[in-house]
Amino acid sequence: MNSDDGQIGFVSTMKGQSHMKAARFYDRNDIRIEYIPEPELQSGTVAIDVAWCGICGTDLHEYLEGPIFVPPEGHPHPISGESAPVTMGHEFSGTITDFGDGVTDLEVGQNVVVEPYIIADDIDTSIGQSYQLSKDMNFIGLGGRGGGLAEKIVVERRWVHPVGDIPLDQAALIEPLSVAHHAVVRSGAKSGQVAIVGGAGPIGLLTAAVLKAEGLTVFISELSEARKKMALSTGVADEVLDPREGDVAEKVRERTNGQGADVGFECSSVPVVLDMLLDAVRPGSVVVNVSIWGHKPEVDMPKLVLKEIDLRGTIGYSGDHPSTIELVRSGKIDLSPFITGRIGLDELISGGFDELINNNEQHVKIIVDPRA
């Protein structure tokens, strides 16, 4: 099929024992399934057979509008040294098959997830460090170094997190759940407080899941009937408020003795939702922007100033994976309901990207088996 028409191009001429199937991003509307050489194990790295990889909203933006995070052809990333074409996929799980010299604390056969960062070697990535803010940060599966939309990957030991008995399909959602966890940590939200989440897309739902697991009362603002149903059926929202059925901020105040929510989360990249959150939270509270904006929105600065609201940004995660994994392993969060589709790699565009672009209200997360 012609990749210029936004379809997958399939290249099989390189197929051989030492090659693997992978989804490669060449340019906007140009993703091809190809056979490429398997990655080589090096000192300090871990070889993983990929089990499942989720399709992220960032992947959709690259496909429709990119390259964004992907370094354009001829303009290599300063850390990875790679440019398009690159293997895609940064939300993935798998099983360790081998490890290089110096890796002594992992075992072959362990199920793991990968914290998919591309960060300079001299950056401290220990717990408590804000390494996600380091210069030239990018992501495995976007900025190079392989990706989860391939049969195999080799990554640095520091990015590998064992998941114990968490099923590998659910483990593929640990990465976006870590985004949500980081946003909740950034907010300073505490058990017993009230949160309002703007938008019940994948990140909004997962943010609500973390908030519920941490003991908050959660309201979600959402228009889509399918997403409202998902928020309620999964139990991540105490109540879903539809903006078409009345003033959401006023309803939040009614349910909080006139005070407003203690914390708000912008998960939609829609200006009126940000306005609603600034209205719905109490004076002196925090609003965290989780979504990635494709444009500069207007912000109601007078309201932010007069209510002394703290508007915070958040990107990625830093040291969040262990806590996020424990929330799932302990049963505080059940990720299985959020998996709304399973496809093979050859269906990536027709059953994955196109479905999420044209039928996104019916889906939270479509996961891909690179071997199917």
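**Close-ups of a predicted model**

View 1. Since K365 sits in strand 19 and E91 in strand 6 (residues 91–99), the pair ties together parts that are 274 residues apart in sequence.

**View 2. Strand 19 and its neighbours.** Strand 19 (residues 365–369) is mostly covered, with four of its five residues buried. Strand 18 (residues 339–344) runs parallel to strand 19, and five bridges join the two; here R342 stands opposite I367. Strand 4 runs antiparallel to strand 19, with two bridges between them, and C53 has V368 as its bridge partner.

View 3. T58, D59, L60, E62 and Y63 are the buried residues of helix 1 (residues 57–65). They pack against strand 2 (19–27), strand 3 (30–37), strand 4 (45–54) and helix 10 (348–358).

**View 4. Salt bridges elsewhere.** R282 pairs with D262, the closest N and O atoms being 2.9 Å apart. R282 lies in strand 16 (residues 281–289) and D262 in strand 15 (residues 261–266), so this pair links parts that are 20 residues apart in sequence. R282 is partly exposed, at 24% relative accessibility. K135 and D136 also form a salt bridge (3.1 Å, N to O); K135 is exposed at 69%, while D136 is partly exposed at 32%.

**View 5. A salt-bridge network.** E250, R253, D279, D300 and K303 are linked by salt bridges into a network.

How values were computed:
Residues are numbered from 1 along each chain as its sequence is written. This is a predicted model: local features need pLDDT of at least 70, side-chain atom pairs count only at pLDDT 80 or more; totals for chains, interfaces and linings use all residues. Side-chain values use heavy atoms; hydrogens and water are left out. Buried means under 20% relative accessible area, exposed over 50%, partly exposed in between (1.4 Å probe, protein chains only). Contact means heavy atoms within 4.5 Å. Two strands pair if DSSP finds at least two bridges between them. A salt bridge is a side-chain nitrogen of Lys or Arg within 4 Å of a carboxyl oxygen of Asp or Glu.
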